[in-house]
Amino acid sequence: MGLLSKPFIYFIYLLLFFNLELIIPVAESATDLTSLVYKGCAKQTFSDPTGVYSQSLSALFGSLVQQSTKAKFFKTNSGSGQTTISGLFQCRSDLSNSDCYTCVSKLPQVVDSLCGKTIAARVQLIGCYMLYEVSGFAQISGMEMLFKTCGGTNIAGSGYEERRDTAFSVLENGVVTGHGFYTTNYQQVYVLGQCQGDVGDSDCGECMKTAVQKAQVECGNAISGQIYLHKCFVSYSYYPNGVPRRSSSSQSSSSSSSSSSSSESNTGRTAAIILGGAAGVGFLVIFLLFARNLMKKHDDY
């Protein structure tokens, strides 16, 4: 047989494989971030014989997309007087600036495709949303539910409701201390909540409580759910085999809110690094022992 036996080669291969598997996170693709969640389009369209509304809307979209390279939330106006159009965008706070831009830059085309030239529109993608409305458009409550979706599988028993509700309770406090954004894992339940960027901490907490209550009522024991109110949203999922890790690139973003994610998530990341490092050290020790054995055999000759 050669210097390296087959069992040894297989062992080294498995060791390297599991080392890589432990330290490489699962990335969230740009396609996921730009997937459509819901749309809301006003029934009335622009009466725009001179094109002034279209020009204002185009300028608004351009300004919002430009700001998305450096901000996760931006609100502005375009036009003047009766032709004023106000609008905003918001990205999930755990996205990087480049992912935020990728998401927001898709929205003008998506809005135009789904809603046309309506006097108000709101389109929500996985990673971001955009809305606009003409001056004088009727306002709605920040607690108004715009959209909901609940997982098709229900979880019975095993203390699921208690775990989910505990995660919700942590979330309600977390969005206040996290200034509008918070995400955490609790015993296989992943929750994420965010308020619109111009909502104060106290109002954000109230909005999140309402969203959580609606999730409990509307989704019941569903394995997952998303509740979107006018000024905030909550998303949750139960992972029986453990919450998958998120891409570090999406969490390297720049806001203090991203640092509010749970210590349990950080602990999991640290454990993965330690295990990966341990496997690497194990490989090094085995390699040195093997090299020493070869040298000993050489000396014996």
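The pLDDT is the predictor's confidence in each residue, on a scale from 0 to 100. This is a predicted model, in which local features need pLDDT of at least 70, side-chain atom pairs count only at pLDDT 80 or more, and totals for chains, interfaces and linings use all residues. Residues are numbered from 1 along each chain as its sequence is written, and side-chain values use heavy atoms, with hydrogens and water left out.

Reader: What pLDDT does the protein average?

Author: Of the residues, 71% score at least 70. The protein averages a pLDDT of 78.

Reader: How many contacts does the stretch of residues 1–27 have beyond near neighbours in sequence?

Author: Over residues 1–27 the pLDDT is below 50. A contact means heavy atoms within 4.5 Å. Beyond near neighbours in sequence, the number of contacts of this stretch in the model is 34.

Reader: Is strand β8 mostly covered or mostly uncovered, and how many of its residues are buried?

Author: Strands are DSSP runs (E, at least two residues), numbered from the N terminus, and buried means under 20% relative accessible area (1.4 Å probe, protein chains only). Strand β8 covers residues 189–195 and is mostly covered. The number of its residues that are buried is seven of seven.

Reader: Which residues point the other way from V189, V191, G193 and C195 in β8?

Author: In a regular strand, side chains alternate between the two faces of the sheet. In β8, V189, V191, G193 and C195 point one way, and the buried residues pointing the other way are Y190, L192 and Q194.

Conventions. Buried < 20%, exposed > 50% of the residue type's maximum accessible area, 1.4 Å probe, protein only. Helix = DSSP H or I, 4+ residues; strand = E, 2+ residues; numbered from the N terminus.
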